[in-house]
Amino acid sequence: INAEYMGIPKGDIMGIYGIIKSALDARGDIIEDGIYAIAACASCLGASGFSEIKEEVWGFFMKCLSCRDRFPVIKATFESIATICREFRCYDPHKIKKEVIDNILLILKDPGLPNESRPTFFGILGDMSHNYLEFMLENSKEILYTYTQAFDAVEHYMKQDDPEMREYADNLKDGLLDSLSSFVHGATSDDGRSIQPRWFIDLFSEFVLRLEQYFTATTSPDVNPSIEYASKVLGLIGDIQLIENREFRSILDRDLVKFLLESLKRKKTSNNDPISEVISYIDNLKHHH
């Protein structure tokens, strides 16, 4: 709920925030529900209301991040920061780079990160890349390498006999797709054009070669991908071609796109279902390419 939009008095939300903050301070311990509650209050306040408590909230988040051995707390904190940054791009970008983006990249390299948390951290990485474009560019080589390591993990675990490992692969696969979508959208302007320097476009175009292999593996009939996943992959491919190096053969011209288009056209039920929108989007891009 946006309190400003709904006409809820700011003082009421501030009162709830104060009660929650006092209760957490009195506990002397940090719990995940408390972190999410603080973020929810902050989001409800709107930009003007949040500006009054943003430094206090940031201090609370930094206290939470000091609990290095408690992944659930770290996860809840980064999720909450990402939520607030989606609502209001209010914090100093240099703070975000040092305390959030750099730390998320370190966490994703940590072999001790619980499997169930890894998709969430990739989602947060995507959110922060989208909202803090300058640091997405600065860290782009490391971010893209982190994605390729995750591709290796998905391809490995989806072949395992253990159902839990295959479930982990599915969850990570979905988390990566959402994260990549945010990353790609952060690298394009509102009118859908690439606005990035040449060195980034070259780097990203090289990354697309590995991404194509990954999407081919995860949409293969052998792994029985969902229609939703296949259509999301195809839609993302359409967005990706906007930031390709034109010296590379466009991803739109590759066998993967032909296969996905043909598969989805066989499965669409009407011209109004979501699959049809993706098909039309790609057909139009190919026509004008």
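Predicted model: local features only at pLDDT ≥ 70, side-chain atom pairs only at ≥ 80, totals over all residues.

The lining of the second largest pocket divides into 7 nonpolar, 5 polar and 2 charged residues. Here Ala, Val, Leu, Ile, Met, Phe, Trp, Tyr, Cys and Pro count as nonpolar, Asp, Glu, Lys and Arg as charged, and the others, Gly among them, as polar.

Residues are numbered from 1 along each chain as its sequence is written, and side-chain values use heavy atoms, with hydrogens and water left out.

What is meant by a pocket? On a 1 Å grid over the protein atoms alone, a pocket is an open set of points where a 1.4 Å probe fits, with protein on both sides within 12 Å along at least five of seven lines; lining residues have an atom within 4 Å of a point.

The second largest pocket holds about 160 Å³ of space, the volume being that filled by probe spheres set on the points, which are joined across faces, edges and corners. Of its 14 lining residues, Thr219, Pro225, Phe259, Ser263 and Lys267 lie nearest the centre. Helix H12 (227-240) and helix H13 (255-267) each give two or more residues to this lining, and H13 has the largest share, with 6 residues. Helices are DSSP runs (H or I, at least four residues), numbered from the N terminus.

The largest pocket holds about 200 Å³. Among its 15 lining residues, Leu108, Arg118, Gln149, Ala153 and Tyr168 are closest to the centre. Helices H6 (93-109), H7 (118-131), H9 (140-157) and H10 (163-186) each supply at least two lining residues, and the largest share, 5 residues, comes from H9.

Let us now turn to H6. A kink of about 25° is centred on Asn103, where the bend is the angle between axes fitted to the seven residues ending there and the seven starting there. The buried residues of H6 include Lys97, Asn103 and Leu108. Why does Lys97 count as buried? Its relative accessibility is 17%, and buried means under 20% relative accessible area with a 1.4 Å probe, protein chains only. Leaving aside residues up to four places away in sequence, Lys97 touches Asp102, Phe135, Glu138 and Asn139, contact meaning heavy atoms within 4.5 Å.

Note on methods
Buried < 20%, exposed > 50% of the residue type's maximum accessible area, 1.4 Å probe, protein only.
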